[in-house]
Every structure is written in structure tokens, then in C-alpha cells.
Amino acid sequence: MNAMKNRVQLIGNVGNDPEIKTLESGKKFAQLTIATNDYYKNEKGEKIEQTDWHRVTAWGKVAELIEKYVVKGKEVAIDGKLTHRSYDDKNGEKKYITEVVVNEILLLSK
């Protein structure tokens, strides 16, 4: 059961071209968003589509794969973990971020 703790799997479409950065150490990281869609019927029987957006970060080799092959609109499957962090913005206000840190990525669309 330990393998299932804090594990996130998503299949969705990339919402923006990934932002790739290289740290002074040479290590790369990628930031992007992924949209997942869910469908349900409301009380009138109408089909409703709900889109959720997920902030995604990848490091090292996974970031390099994203840099080479991932563009806006591409369908991907990711496996990773959910993380939370906070920072103080330039006005001193605390901001909170929830994101998925990717361990593996699978490219699904051409």
C-alpha cells in the first residue's frame, strides 16, 4: 500500500506550451498546465462537461522530454505526487500553490 500514498495519475491535454528553465547547476525543470475533462448529467438530463486545470512541474530527464516533445494541446498521461508550497509575493502577501510533481510522462497524441 505504500506505493499508493500521495500518488496522482492524470490523463489530459496540455493547456500551454511548457515553460522550461535551466538552473545554475544545469538541471532543468518544466512547468505546464494540464486540463482534464469530466462529464455528468444534471437534473434535467443535460450532459455537462467540467474542465479542471492542474499545475504540473517536472525535473531532470522528464523535463527534458517535455522540452523536446510536449506542446500546447498534446494529450499526455502523467504519474506523480501532489505537493503544496507557499511564498510571499512582492506585496508581502502569502500565496499558496498546489501542483503535481511528475515522475513519469506518457505522450498519447501525435
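**From the overall chain to single residues**

The chain has 110 residues, of which 31% count as buried. The model is a predicted one, and its C-alpha trace spans about 55 × 40 × 35 Å along the principal axes. The accessible surface of the chain amounts to about 8000 Å², with 48% of this area belonging to carbon and sulfur atoms.

The secondary structure consists of 1 helix and 6 strands. Read from the N terminus, these elements follow the order β-β-β-β-α-β-β. As for the range of the contacts, 56% of those between residues at least 6 apart in sequence join residues that are at least 24 apart.

Nonpolar side chains tend to be buried together in soluble globular proteins. In this model the largest nonpolar core comprises 17 residues, and Ile66, Ile78 and Ile105 are those with the most contacts inside it. At least two residues of this core come from each of the following elements: strand 1 (8-14), strand 3 (28-41), strand 4 (47-59), helix 1 (60-69), strand 5 (75-88) and strand 6 (94-107).

Which residues surround isoleucine 78, when those up to four places away in sequence are not counted? Isoleucine 78 touches Val8, Gln9 and Leu10, together with Ile34 and Val56, and also Val100, Val102, Glu104 and Ile105.

Beyond its neighbours within four places in sequence, alanine 58 is in contact with Lys28, Phe29, Ala30, Ala63, Ile66 and Val102. One of these partners, Ile66, is among the residues with the most contacts inside the largest nonpolar core. Alanine 58 and glutamine 31 are 27 residues apart in sequence, while their C-alpha atoms are 6.7 Å apart in space.

Is tyrosine 40 buried, partly exposed or exposed? Tyrosine 40 belongs to strand 3 and has a relative accessible area of 40%; since this value lies between the 20% limit for buried and the 50% limit for exposed residues, tyrosine 40 is partly exposed. Leaving out neighbours within four places in sequence, tyrosine 40 contacts Glu46, Lys47, Ile48 and Gln50.

The charged end of lysine 47 sits over the ring of tyrosine 39, at 4.8 Å from the ring centre. As to pairs of aromatic rings, a search of the whole structure finds 1.

Finally, asparagine 6 is found in the segment before strand 1. Its phi angle is near 50°, a positive value in a residue other than glycine. Asparagine 6 is partly exposed, with a relative accessible area of 43%.

Methods. Residues numbered from 1 in each chain as written. Predicted model: local features only at pLDDT ≥ 70, side-chain atom pairs only at ≥ 80, totals over all residues. Heavy atoms only, no water. Core = buried A, V, L, I, M, F, W, Y, C linked by side-chain atoms within 4.5 Å. Buried < 20%, exposed > 50% of the residue type's maximum accessible area, 1.4 Å probe, protein only. Helix = DSSP H or I, 4+ residues; strand = E, 2+ residues; numbered from the N terminus. Contact = heavy atoms within 4.5 Å. Phe/Tyr/Trp six-rings, centres within 6.5 Å; stacked < 30°, edge-to-face > 60°. Lys NZ or Arg CZ within 6 Å of the ring centre and 35° of its normal. Areas by Shrake-Rupley, 256 points an atom, 1.4 Å probe, with all protein chains shown as cover.
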